[in-house]
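The following paragraphs lead the reader through a predicted model. Please keep the sequence and the coordinates in view while reading.

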Amino acid sequence: MKATKEVKEFCAHNLVAIIMQDIKEYFPDTEETQIIADFTASKTYTQLFDEETRLWAEGSDYIMNMYLEEKGINP
């Protein structure tokens with residue numbers, strides 16, 4: 001069965017919520033508004049909502065590691 005656009009977006013939004021919590025745990029001194037601004041401006045976030053990358057189908061740990069690598073942090 002092929003995932004619809006709505007299912008892909010639902011998955012991506014759920015992953016964003018999980019990743020926001022993960023980032024907050026990784027950077028506990030960073031304000032939530034800054035975490036949101038940084039993540040939504042990232043290439044990882046853009047790829048998460050790009051249907052062709054299928055990143056929306058990956059796990060949150062994988063995406064978190066991508067984000068950390070993008071920031072120059074070795075997870």
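Against which helices do the buried residues of H1 pack? They pack against helix H2 (32–40), helix H3 (43–48) and helix H4 (60–70).

To place this packing in context, the overall fold is described next. The predicted chain contains four helices and zero strands, and its elements follow the order α-α-α-α from the N terminus. The radius of gyration is 12 Å, close to the 11 Å given by the globule rule for 75 residues, so the chain is as compact as a globular protein of that length. Along the principal axes, the C-alpha atoms fill a box of roughly 40 × 20 × 20 Å.

Helix H1 spans residues 5–26, a run of 22 residues. From the first C-alpha to the last, H1 reaches 31 Å, close to the 32 Å expected at 1.5 Å a residue. The buried positions of H1 are Lys8, Ala12, Leu15, Val16, Ile19, Met20, Asp22 and Ile23. An α-helix has 3.6 residues a turn, so residues three or four places apart point the same way.

Contacts and surface complete the description. Among contacts in the chain with a separation of 6 or more, 59% are between residues 24 or more positions apart. Of the 75 residues, 27% count as buried. The chain exposes about 5200 Å², and carbon and sulfur atoms supply 50% of that area.

Notes
Residues numbered from 1 in each chain as written. Predicted model: local features only at pLDDT ≥ 70, side-chain atom pairs only at ≥ 80, totals over all residues. Heavy atoms only, no water. Helix = DSSP H or I, 4+ residues; strand = E, 2+ residues; numbered from the N terminus. Rg over C-alpha atoms; globule rule 2.2 N^0.38 Å. Buried < 20%, exposed > 50% of the residue type's maximum accessible area, 1.4 Å probe, protein only. Contact = heavy atoms within 4.5 Å. Areas by Shrake-Rupley, 256 points an atom, 1.4 Å probe, with all protein chains shown as cover. Expected span 1.5 Å × (residues − 1).
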